[in-house]
Amino acid sequence: MTLHLTQSWSPAPQGTKGSFHFCLTNLGGAAIQIAKFCYTSLGRIDESSVVTGGTVARNYGSYVEIVPDNGRLDLEQTWELKLVGLVYGASNRSQGVITAWVETETGETLDITIEDLLPEHDTPGGAGKDWPAGNAETPLGLLPWPQDAQIDAWHDDLPRLYPAPGSDLRPFLQIARLHQRLFPTAPTVIGIQPATGGTAIRATMDTTLPAEGYRLVFGDEIDLAYSTPDGLRHGLIALTQMAHSAATDRRYLFPRAGVITDAPRFEWRGLMFDVARNFFPVDVNLRLMDIMAWLRMNRLHWHLTDDEGWRIPSKAFPTLGTIGATRAQGAPMPPQYGDGPNGQSGAYSAEDIATVLDHGRALGITVIPEVEMPGHAASLLASVPGLADPEEPACSYRSIQGFTNNALNPGIARSYDVAETLLDEAAELFPCDIVHVGADEVDLSAWAQSPAAQRFAKEHGLSTTHELQAWFLRHVQAHLKKSGRRIGAWDEAAEGGGIDPDGAVMFAWRTKEKTAELIEKGYDVVATPGQAYYLDMVESEGWNARGISWAGVSTPSASYAHDVSAGLPQGPGRLLGVQAGIWCEYLHDVQRINAIAFPRLAIVAEAGWTPAESKSAPRFFALSHMVPQL
């Protein structure tokens, strides 16, 4: 049986996000009787949308079920479906139907092949991804670029690097293995065995250097000075990177004489990886951390829970690892995004988390868990009973991602008990001093129709959703403080009275200006603006681009030009650093991540390490083509 779907998008009607027009054609060998047409899409409808050709049976997140008006589809016949008045529209080919299938009257599931979404109006296709070739302004193959580099001479032939006699071999072996993992077919450029014609590296401690800094003096030997193990690691990676560049690209050479003095611009050089929307096995996380270390990034913000999935183990609520971690047709959590009817299932065990933590520790990467609350909690609410207000209508509000009633209710006492238990479990698994609690994108009408929430609000003098959320978050913050943990949260946590700046780290994501706003309010801030540092954002103009587009177009060149420090106030808060975000609604496999995340991941790495005045776009883009991918 062959079923094929074509799809188009129109900007009409005015005042909405447009309309979808689907045509499903039966190109198989016999007629079928369709009970349900099921699809996932980044474009979304709600109760206000007008559907022609069928009736909506379920609309949950990116998943929609339609019962056709006439379910019989004869051979070579086409069924048309129109969805008018989208609440989340389309601006490129990737924002229509992602997966689709039908369920027949006999219970059979039939897959559907799908063409790219087409526009119904004159829309330029665009030139595609613009990844500049760049210009190797110097033979030094080092990215991120160092604080200062004065190279006086270059080797004609690349020397193999090895530790000087008497050295501790373990740091050298660790970096040799890192290089081998990232570039398994490349020549070995560093090892622990002395090599004829090679150059020895003599590592010595110098406590006057910054904590993550290093100094390289090139001569007959290479003197590597450092003050901490992090500095030693960075110095060895820098040497390996320069040698790898020289071994694999004729534009680059290895220094023979000169000095490199280097230290990071910011203490926080992070990457947020969303494994909740789509689950990725441990080995993908480990390789991603290898790439981070190669780029001298040091914080992995692990987005472990969301509406679409719960990936962190819970002894208190084991159903989170079954119901909350599973999406499938007929299950409490339906398929989403790139899922077919069988959906997906995946959660990390305590042993998996220990493996990730050990790998991070060896590479100088701190892993920060994120356990979303109060919003983005659909998987939690589906798994743990007693968290819903029985008097609240079932669809009293819908989140921007299309989930109904998806936030923990501040008016229900059990919400606090469950939240505290989950945070205690996360704190037990993760030794870092920050537990991120999300706190973003709670719908502004959340809890408005919940009698329990409204009674609670009246009792405590609260009047808005933001104020109710702030009350909940301050309670959570106080609980984390008892165990010596700081609260991490997205920038919405400053609204409605906000959480206490003392003991909080805020992540500014909604606009570039949010960083300054939060610093003025006294918060320590990590800058992660969607307009520049979200790696799922569309990176070129035109219909043929791919990715999410709520923050506009974020080209590699524009992302590189963004300076998070520009226009910031003197305080009272601080800018801790920068962070990239790999959000995985659209990125449901490694191939899609590689296609869109590079070179922008390296752009954020250089923004976190290199002084603004030392950056060079032509030099960076020439080097960025050698950055390893997943």
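Predicted model: local features only at pLDDT ≥ 70, side-chain atom pairs only at ≥ 80, totals over all residues.
Me: Which residues line the second largest pocket?
Reply: They are Gln7, Arg93, Ser94, Val97, Ile98, Ile114, Glu115, Asp116, Leu117, Tyr586, His588 and Arg592. A pocket is an open set of points on a 1 Å grid over the protein atoms alone where a 1.4 Å probe fits, with protein on both sides within 12 Å along at least five of seven lines, and a lining residue has an atom within 4 Å of a point.

Me: Turning to the largest pocket, which residues lie nearest its centre?
Reply: Ile400, Gln401, Glu441, Trp509 and Trp550 do, out of 27 lining residues. That lining comprises 12 nonpolar, six polar and nine charged residues.

Me: Which helix gives the largest share of that lining?
Reply: Helix H8 (residues 465-482) does, with three residues. Helices (H or I, at least four residues) and strands (E, at least two) are DSSP runs numbered from the N terminus.

Me: New topic: where are the cis peptide bonds?
Reply: One joins leucine 143 and proline 144, with omega about 5°. Proline 144 sits in the loop between strand S11 (118-119) and strand S12 (148-154). Another cis bond joins glycine 571 and proline 572, again with omega about 5°. Proline 572 belongs to the loop that runs from helix H11 (556-561) to strand S29 (574-582).

Me: What about phi at glutamate 76?
Reply: Glutamate 76 has a positive phi, near 65°, although the residue is not a glycine. Most residues other than glycine have a negative phi. Glutamate 76 lies in the loop between strand S7 (72-73) and strand S8 (78-84).

Me: And what is the phi of histidine 376?
Reply: Phi of histidine 376 is also positive, at about 55°. Histidine 376 lies in the loop between strand S24 (366-373) and helix H5 (378-383).

Me: Is histidine 376 buried or exposed?
Reply: Histidine 376 is buried, as its relative accessible area is 3%; buried means under 20%, exposed over 50% and partly exposed in between (1.4 Å probe, protein chains only).

Me: Why does glutamate 76 count as exposed?
Reply: Glutamate 76 counts as exposed because its relative accessibility is 63%.

Terms used: Residues numbered from 1 in each chain as written. Heavy atoms only, no water. Nonpolar A, V, L, I, M, F, W, Y, C, P; charged D, E, K, R; others polar.
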